Structures are given as structure tokens and as C-alpha cells.
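Hi,

Here is the structure I promised to pass on. Have a look first, and then read on for what turned up in it.

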Amino acid sequence: MNLSLAIEMFHFLRPLWLLLLPLIAISWWMARRQNRKPAQLLDRIAPHLHKALTVGDRGHRRIEPIDGVALLLALACLGAAGPTWSRVPDPFVAQTAPIVIALKVTPSMETDDLVPSRLERAKQKIRDLLDLRAGARTALVAYAGSAHAVVPMTEDANVIHPYLDGLAPDVMPSEGADALAAIALAETILAKEPTPGGILLVADALESAQAGQMAWPEGTSLAVLSMLPPGTNDPGLDAVDIPVIEVSVDDSDIRQIDRQLNAAYQRALTESGNQPWDDRGWMLAWPAMLLALLWFRRGWTMRWAHLWFAAFLLVPVPQARADGITDWFFTPDQQGRLAYDRKDYDRAAELFQDPTWRGWALMRDGQYDEAATVFHRVETPDASFAEGLAHIRNRAYRDGIIAYETTLERDPDYPGAAENLALAREILDYVESAREQSDTGEDRGIGADEVVFDNEDERGADTEIEADEDSGGELLTTDQWMNTVDTNTGDFLRQRFAIEAAQQAGEVPQ
């Protein structure tokens, strides 16, 4: 979490415990004052006798057992008050902000002062960011003289990779570098998201006129990844009033971008979230236990040491397992939660014993079939609803429908279950209807060798669609491209961007 946000949100869950702090301070002061009385009596003796009778005394500056006891009680009091600055993560809500990446695709980005080129290095950085944000919602926008949505919001980075590879300057329909159009398009995409998001502009330069007009969108984080070699400046990037991160040889720039773009989202989750606050009082138990070890020291409140020794005998010591000393201090579920927070979802799924958390870890790792299997074993409406999500993401729409029906059987008022059930049925009906329409002789397609649909109901017959070599280079309509699966994403994007540019100019019917 952002440090300034954590400081702003810091508070105590049980502040009444803090009323004991003045009492602890008064008791400490009185005890220290009482311990100084023998020394005060010696002040009436002659100085040379006083010096001879005093051995190793450092007066009130000497650390005494009461100091450790007071500090220990203060730590215990603060821990009992429940310090917190964040909420418990909601497994049903992504903890990473949705972002739109706007990539500049112009001839200047093909300069090779960054190996292999600025554009290829930018693509590498985008892939690293997608890996860092595994499972988070991300969209891709490309811009030159005009801005175009390459991939809409998706949680699957594998969908973005082929389209990212196909981006090149010759794909863009017009020359130029309209960064404002890219930001406007990104804001339109983020407006459909239920939570605040971020915009990342990946560019090697900004026009000075546009840099002055570039404002921080309300409720949205905005950052620029500068694709310039070290020591190179751009007037537009220098003049812009938003964070500009310089590209680095390691992943430090990517991590800084992730923190920057996640700030507004974390603030929204913290301020308006429904999850309970995460009690961090346990963190003060560690220094308190270290202080308690001083009670075993000879002359340091020995009576307390006896009490701690008795308590130590009553507390069972966890048996070490083959996994290592970590098991002495953390349960498997706690270890799984630590891995989950580090976004190591595969390791988290191995560690979790709680089936619900294990299922969500598998879901975040993209193992949808395994996640659905785990959720299926838990007989609760939450688990069947999560099972339905896993099936839908795995494109197993029939199994998803069954899971949502099970959810409604267990809890007819479960939020979102009825809506998701209706949507899953519509998707399945659309797939099968498209299958039936393909049997009516509508065999005109471009670039597709074969189209396969879910057809468990045996509706229609198998049909192969062959490419039409006589289509020439004429501009295709949007519907024709939507029925096309082309292995060359660059050609696909070139045609699609040309259609969009023509539609914006009013040359092609919508």
C-alpha cells in the first residue's frame, strides 16, 4: 500500500485500550522515583564517604527492570487497541487496479537507440507488466495519428500477447502522435469498470502543445513510461505534469508503475470497501516477546520469569516438519496467504488447506478446471457461485449453468447468481445459434480454415469454411472481419483500424 495512504488511513479499532497508557506511564514514573530513594539518603553523607560507599551506580540513567516492564505493557496495550491502516482483502475482488496501456506506434518508436528498438523494448516492458499483474484486468490501446482499442479489458494476458506482437507503424491508418486521443479512449474504456483504474502511456515523446493540455483524470492514476535512452530528454515529457518513469534495464520501472497506477484503486477499496479492517495488533507481539525474554535474565524481575517458564510448559511446541522452520511459526493456510499476497498463486494453491482459498488461488493462476473441481467439493452457495465463474472463464458454459443453478438452489437470493445464470444461457444459446446458421450455406469467410462450436446438443452439422481467394484487397466491412480468424494479427489490425478511421471520418456506414 502507498505509504501516504497508509498514514492517512491509520486508526485504532479499539481505542479505549489507549486509556491505559497514561496509567502505565504514571506507574513507571512512581516506580523509578521509588528506586531512587536510597541514593537520595546517601546525599546526606560526606562526599568522600559517599564515593567510597557507592559501587557502579549510574543514578536514574541506569536501565532498570521496570523500564522493560513498562515498555512491554505499553506494546501490549497498543496491540490490544487494534492498529490498522488497510482492509482484509476480498477474494471476490481483484486487489490490483484495472489499467489501460496506451502504446505509441509511430516510426520514431523504431529507433534502435534502445536495443532492439524503442517499440520492441516497449513491448517487452508491457509483457513484464502483464506478468507482474497476473490475473488483473488490462486493456491495450495503440495510437499514432488516431487512437484505436486493440484489446478490451481482459484478465487473460495471453489474449493481449499476439495483438501486441502485431503492432507496427504500418498498421496505423494515419501518421501523427495524438496522445490526447489515446487518453480519451482509455478513459472511455475505464468508465465501464466498476472501480477506479489507471492509464499508462508508453511513448518516446509528447508534443509540447498536448503536454500542456494533459490533465490528471479525476479518480484515475496516470503515468508515462519514457522510451528514451538514459540522458535523452524530450521537451514534451519534461513539461507534462504527470509522473514520468524512465525505462530501466531491470524491472524497477515496472514495479514503480504498478505502485503508481494502483494508488487510486487502493484508496477506493480502503475508503468505500465493505471488508472488515485488518487488525495489525499482532505485529506488536514480536517486540513484546523479545522483551519478555529479558525476564529470564538473572536479576531482571525473576518472579515474572517463573511465570513465563510455567506458561512455556503449558504451550505445546509445534512439531517441525520436512518443509522447514517456517512451519514452526505459520500454518499452511498462513503460508498460502503470504504466497497469495506475493501473487505467487501456483505456490499458494499448493499450500492452502482451506478449499475456498485454494480454489481462488487456482483461479488467479489460470487453472480454471482445477479450481472448479475444488469448489465443487464445498457445499455452500459461495463455492458453487465461484465454481460457475471458473467454468465460464474456462468456456465450459454448460457446467457453469449447472453451477449457477446449484447456487440458486442453495440460496435463491444469492447476489449475482440469477444474472450470471441468465448471461451464461444467452452465451450458450448464441454459440449454438451461430452453429445452426453456419449450416444454411453462409460459407463466405476470409482467412479461416475451420470454425468449431460447442455442440453437445447435436444441433446442425459440421461445416468447413474455406477462404475466398477472389476477395482482392478491397476494404472489408466490420461484420466480415468479426467472422474472420486471421493468424496474422498485424493484417487484422491494419484492416480493423482502417475501418474505424473511415467510420470516424464518415466515409463508411456504421
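Predicted model: local features only at pLDDT ≥ 70, side-chain atom pairs only at ≥ 80, totals over all residues.

Let's start with a pair of helices. Helix α5 (residues 65-81) packs against α12 at an angle of about 155°, and their axes are 9 Å apart. The two are therefore roughly antiparallel to each other, since an angle over 145 degrees counts as such. The crossing in which α5 passes α12 is left-handed. On the α5 side, Gly68, Leu71, Leu72 and Leu75 make the contact, and on the α12 side it is Pro287, Ala288 and Leu291. Sorted by class, the residues of this contact come out as six nonpolar, one polar and no charged.

While we're at α12, which of its residues are buried? In this helix (residues 285-292) they are Ala288, Leu291 and Ala292. Looking down the axis of α12, you would find these buried residues within an arc of 100°, so they line one face of the helix.

The protein chain has 510 residues, and 38% of them are buried. It has 23 helices and eight strands. If you take the contacts between residues at least 6 apart in sequence, 64% of them join residues at least 24 apart.

Back to helix pairs. The axes of helix α17 (residues 355-364) and helix α18 (residues 368-376) come within 8 Å and cross at roughly 165°. That makes α17 roughly antiparallel to α18. As with the pair above, the crossing is left-handed, with α17 passing α18. From α17, the contact takes in Pro355, Thr356, Arg358, Gly359, Trp360, Leu362 and Met363, while α18 brings Tyr368, Glu370, Ala371, Val374 and Phe375. The class count for this contact of α17 with α18 is eight nonpolar, two polar and two charged residues.

Is its side buried or exposed? Phenylalanine 375 counts as buried, because its relative accessibility is 1%, and the cut-off for buried is under 20%. Leaving aside residues up to four places away in sequence, phenylalanine 375 touches Thr356, Gly359, Trp360, Met363, Ala383, Ala386 and Glu387. Among them, Thr356, Gly359, Trp360 and Met363 are also named in the α17 side of the helix contact. There is a C-alpha distance to note as well: phenylalanine 375 and proline 355 are 20 residues apart along the chain, and their C-alpha atoms are separated by 7.0 Å.

A further pair is helix α6 (residues 118-132) with helix α7 (residues 157-165), which pack at an angle of about 180° with axes 11 Å apart. So α6 and α7 are roughly antiparallel to each other too. Lys123, Ile126, Arg127 and Leu130 of α6 meet Ala157, Ile160, His161, Leu164 and Asp165 of α7. By class, that contact of α6 with α7 has five nonpolar, one polar and three charged residues.

Most residues other than glycine have a negative phi, and most peptide bonds are trans. Where does this chain depart from that? The peptide bond from valine 115 to proline 116 is cis, with omega near -5°. You'll find proline 116 in the loop between β3 (99-104) and α6.

Lysine 343 is not a glycine, yet its phi is positive, at about 65°. It lies in the loop between α15 (332-341) and α16 (345-351). With a relative accessible area of 26%, lysine 343 is partly exposed.

Arginine 395 also has a positive phi of about 65° without being a glycine. Its place is in the loop between α19 (381-393) and α20 (397-410). Arginine 395 is exposed, with a relative accessible area of 59%.

Aspartate 491 belongs to helix α23 (residues 489-505), and it is partly exposed, at a relative accessible area of 32%. Aspartate 491 and aspartate 170 are 321 residues apart along the chain, and 9.7 Å separates their C-alpha atoms.

Happy browsing!

How values were computed
Residues numbered from 1 in each chain as written. Heavy atoms only, no water. Axes fitted to C-alpha atoms, helices over the stretch in contact; angles between N-to-C directions. Helix = DSSP H or I, 4+ residues; strand = E, 2+ residues; numbered from the N terminus. Parallel < 35°, antiparallel > 145°, perpendicular 65-115°, else oblique. Left-handed = near helix turned anticlockwise from the far one by under 90°. Contact = heavy atoms within 4.5 Å. Nonpolar A, V, L, I, M, F, W, Y, C, P; charged D, E, K, R; others polar. Buried < 20%, exposed > 50% of the residue type's maximum accessible area, 1.4 Å probe, protein only. Arc of directions from axis to C-beta.
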